[in-house]
Amino acid sequence: MKALSQRRRHPLAAVALLLIGLLFTGGVYALASSTNEAKAQTFSADQVDEGEKLFVANCATCHGMGAVGSENGPSLVGVGAASVDFQVGTGRMPMQMQGPQAQVKPPQFDDEQTMQMAAYVASLGAGPAIPGEDMLDTSDADPANGGVVFRVNCAMCHNAAAAGGALTRGKYAPALSGSTAKHTYEAMVTGPQNMPVFSDANITPEDKRDVIAFLETIDEQGSPGGADLGSLGPVSEGLFIWVAGLGVIIAFTVWLTARSS
Amino acid sequence: MSSTTTQSTYQPKTNVGKITNYVDSRVGGSGIVKEFGRKIFPDHWTFMFGEVALYSFVILLLSGTFLTFFFDPSMAETHYEGSYIPLRGVEMSEAYATALNISFDVRGGLFMRQVHHWSALLFVAAVSVHMLRVFFTGAFRRPRELNWVVGCVLLILAMAAGFTGYSLPDDLLSGNGLRIIDGVIKAVPVVGTYISFFLFGGEFPGTVVIPRLYVLHILLIPAIILLMIVIHLFMVVTHKHTQFPGPGRTNDNVVGFPVGPVYAAKAGGFFFIVFGIIAAISAAFTINPIWNYGPYDPSPVSAGTQPDWYIGWVDGALRLMPGWIAGIPLEWNIPMPWGVNTLSLNVLLPALVPAGIVFTLMFAWPWIESWLTKDKREHHLLDRPRNAPFRTAVGVSGVVFYCVMWAAASSDLIATHFFVSLNDVTYWLRVLFFVGPIIGFMVAQRIALALQRKDREIALHGRETGRIVRLPHGEFIEVHEPLDEYKRYNLVNYESHSVLPAEADVNGHVTRTEKARGRLSRFFFEDRVAPVTPAELEAAHSHGHHDAIAEQHDKAAVSK
C-alpha cells in the first residue's frame, strides 16, 4: 500500500489511472451491452449467400453495396436480423418512396426471402436477433404490468389505447392493433423509424412479454362500451355528438314543427 | 271572487274530477294552468334547441344521481381487484377503482356512465346551438338582453360542470387535463403558485382535488345551473317567445299553438325522443373508455390527450402559442424584492386572451349592437340572418375564430389522419387564427348581401320559371312568375340599418366615442340592400317596365 502511495506522483500515474478507468468503464459496458446481444442464432452460409443476392438486387440502391449506407439510406452493419425481419416483414422496406417515414404496406418478400436477407445483414455485424418462440410466449405474462410499462414508455407516442399518434414533421407512431407479437418485440429492441430502442436493460424481456400480452388483451377484448369511434378520445366523441347526435335531433325538430298539410 | 262561487256551485261527477276539484279548491292550481296553458308558443324547428339543452340537463341529473350511488370520490390508494383483467392489481385511487367498478361490475353501470357523458356533450352542444340561433336571429335585443346574459352564464356553468365531471374518474386522460389547468393557474403572475397550492391542497396532484371537484360537480354547479334555468325560463314567459316575421305576425302578437294541449304533448314527447336518442347512442357507442387510459400518474402522458369538445378551443389556443416569437422568449424570470417571479406569457396569453375576447364580446353584444345602431326599441320579431348582414358577419367571424382554436386542439389527429405534417397544421392554423375571422366576416357579409339582392330581385320580378318564350318579332324571353302575397311579404318585410353618422350631443359637441361609433357604423352599414318599397314594387309591375310583355304574357298564363 505504501509503495502505491509513494508512486502516486509518478509522471505516468495519470496515464495509469486513465487506463484503469477506461478498462473499467469499457468492461462494464461490454458486460451491460452483452445483455442486449443477440441470442445465438444460426443462419446457414447458403442463406447468407441468397440474402446477399436479394440485398444487392433490392436494397443496395439506397443502403449501398455491402450495406455500408449511402446518402439515401443508413448503413445496416450491426442493425441485426430483427431489424430486417421487422422492416421487410411489415412491408416497410423496400420503401415505395422517400418520405418522413416508411409506410406499412403488404410485404414484398416471403418469409424465406426475408430470413435470407436477415441472415445476410446479421452476418455483417452483431445486432439484435429475431426473437424465438420462447421469448414471445405470453401464456404466463401479466397484462396488467404490461399496461403499466406501456403507459410509462409507449403511450406518449402510441396513445394509451395503442391507437397511434402524431410526431413532428409528418412522422407518426402507428396504431398497434393487429401487430404480431414478433414484430412488436422486434420494434422494441431495434427502434425502427423514429422509435427509440428499448434495450433489455431498459425494459426487461419479461416486461416486453407483458407489454405484448397487454396489447393482445386489449386487442382481443374489443371495446366493452360499444363502437370505439377509433379510440381517438374526446375529439371523435365531440365530432360524433355534433354530427350524428345533433343531426338526428335536428331531423326530429324539423319533423315536430312540420305542419301537417 | 268568481272562483269562490265556482267552488260552491260546481259539483264534479267523475272521480278524477273530484280529486282535481279537491286539490284545486285548496291550492288553486287551475289559475296557473289556465294562464300558462293558454300561453302561445310559435313553431319553428330552430326554437327547439333550448328544449334539447333542458332535457339533456334533466337526463344528466337522473343518470348522475345513479352514478353517485356507486362512485367514491376519494384519492386514497387501493389496488384494483375488479373484473377488468388488464388493470388487475394495479395501484390506483378509490375514485378510479369505483369508476371502473361502475363500468364493469355494476349492472347497467357502463350504460349509465355513457348516458351521463353523452348527454353532457349534447347539453353543451345544444346550449351552443341555441345561443347561435338566438344570436343570428337577433333574439337578444330589447327586452331580452338580460336573458341573453343569463344564457351566457349558463354556457360557462355548463362548461364548468363538464370539466369538473371530466376530471372525476382520476384516469390518465383527466389527470393530464387537470395538469394543464394547474399549469395555467401557475402561470398567473405572483399569486399563481399560491392559488394552485390552495386548490390542490399542496403540490399537484395532491390528495384533495377529486373530492373538491366532486362537491362542485354534484352540488354547487348543478344548483346554480338549476337556479339560472328557472330565471331563464321565467324571463321567457315574461317576455313571450319571439317569432319570425310573416303575414299576421307583428311585434305585438305571438302566432302559434298554446301550451295546453299541443305544446305540452309535443314538449313531453320531445323529452322522450331526446332521451331515446341519447340512450341509443350510449348503448351503441363508447365514450371516455377510462379503462384504456389507466390510473392517473403524473409521469405518463398519452398521445392524443384532449379535453372534451367544449374545452377544446382553450386547449387549441395553448397548442397554437409559440414559446418564442422572433427570437424573443415569452417566459421571463423577473427579479423582485422578495425573489424571482416567473412570467409565462406563453401560457398566460393563450389561456386567457382568446377566451376573454370571446366571452366579453358575447356578454356585451346586445349593448354593443344597440349602441351602434341606436336602436333601443323592443323587438319581438326575429331577423332572418341575411337581413342583418353586419350581425351575421360578426357572428360568423366569431364562429371561425372559435373553430380555428377548436381545430388546433385536434392538430395531432388532423396530421395523422390526413397525412400532413403536424408542424404545418400548426403554422396554417396560426395564420388562420388571425386571418380566418377577417375572411369569415367578409365572406359572410357578402353572402348575406347577395342573398338580400336575390330576395329583392325575386320580390320585384318574381320567380324564374325556366320557360323560354319566343316573341313574334324573334326575341327570346324567360317568363317570370310573380310571387303570391304571402311569400312576397316575407321577402320585403324587414328592417335594414343604414349608416348613422356621428351626431353632436346637446352641447353641440361630438364626443370621441360618438365619432368612433360613426366610423364603425359606416364600416358595418355602408353596404346595404334596402327593402323593396311599395313604389318600387308598383314600378316593377307597371307596363312601362322592360319586362312588360313577359309580365302580360305571364298574367295571361296565370288567369287561364
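Trainee: Which helices do the buried residues of H7(B) pack against?
Mentor: In this predicted model, they pack against helix H6 (109-136), helix H8 (172-186), helix H10 (209-239), helix H13 (309-320) and H14 of chain B.

Trainee: Which residues of H7(B) are buried?
Mentor: Among them are B:Trp148, B:Gly151, B:Leu154, B:Leu157, B:Ala158 and B:Ala161. Towards the end of the list come B:Gly165, B:Tyr166 and B:Ser167.

Trainee: And what does H7(B) reach from its first C-alpha to its last?
Mentor: H7(B) has 23 residues and reaches 34 Å, close to the 33 Å expected at 1.5 Å a residue.

Trainee: How do the axes of H7(B) and H14(B) cross?
Mentor: The axis of helix H7 (residues 145-167) of chain B comes within 9 Å of that of helix H14 (residues 345-373) of chain B, and the crossing is at roughly 175 degrees. The two helices are therefore roughly antiparallel to each other, as the angle is over 145 degrees.

Trainee: Which residues make that contact?
Mentor: H7(B) contributes B:Glu145, B:Trp148, B:Val149 and B:Cys152, while H14(B) contributes B:Met362, B:Phe363, B:Pro366 and B:Trp367. By class, seven are nonpolar, none is polar and one is charged.

Trainee: Let us zoom out. How many helices and strands are there in chain B?
Mentor: Chain B has 21 helices and ten strands. Its C-alpha trace spans about 90 × 85 × 60 Å along the principal axes. Of the 560 residues in chain B, 36% are buried. Among contacts between residues at least 6 apart in sequence, 72% join residues at least 24 apart.

Trainee: What lies between E9(B) and E10(B)?
Mentor: The two strands form a hairpin with five residues between them, and B:Gly474 in the turn has a positive phi of about 105 degrees.

Trainee: Changing topic to the interface: how many residues of chain A are in contact with chain B?
Mentor: There are 51 residues of chain A in contact with 55 residues of chain B. Helix H11 (234-257) of chain A is among the elements on the chain A side, and H11(A) gives the most, with 16 residues. That side of chain A has 30 nonpolar, 17 polar and four charged residues.

Trainee: H10(A) is also on that side. What do its buried residues pack against?
Mentor: They pack against H7 and helix H9 (181-190) of chain A. Those buried in H10(A) include A:Asp207, A:Val211, A:Phe214 and A:Ile218. Just after H10(A), A:Gly222 takes a positive phi of about 70 degrees.

Trainee: Last one: is A:Lys105 buried or exposed?
Mentor: A:Lys105 is exposed, with 12 other C-beta atoms within 10 Å. A:Lys105 is in the loop between helix H5 (80-89) and helix H6 (111-124) of chain A.

Trainee: What is A:Lys105 in contact with, leaving aside its neighbours within four places in sequence?
Mentor: A:Lys105 is in contact with A:Gly91 and A:Gln96. A:Lys105 and A:Arg92 are 13 residues apart in sequence and 6.3 Å apart in space, C-alpha to C-alpha.

How values were computed: Residues numbered from 1 in each chain as written. Chains lettered and ligands numbered in written order. Predicted model: local features only at pLDDT ≥ 70, side-chain atom pairs only at ≥ 80, totals over all residues. Axes fitted to C-alpha atoms, helices over the stretch in contact; angles between N-to-C directions. Helix = DSSP H or I, 4+ residues; strand = E, 2+ residues; numbered from the N terminus. Parallel < 35°, antiparallel > 145°, perpendicular 65-115°, else oblique. Contact = placed C-beta atoms within 7 Å. Nonpolar A, V, L, I, M, F, W, Y, C, P; charged D, E, K, R; others polar. Pairing = 2+ DSSP bridges. Buried ≥ 20, exposed ≤ 12 C-beta atoms within 10 Å, placed from the backbone. Expected span 1.5 Å × (residues − 1).
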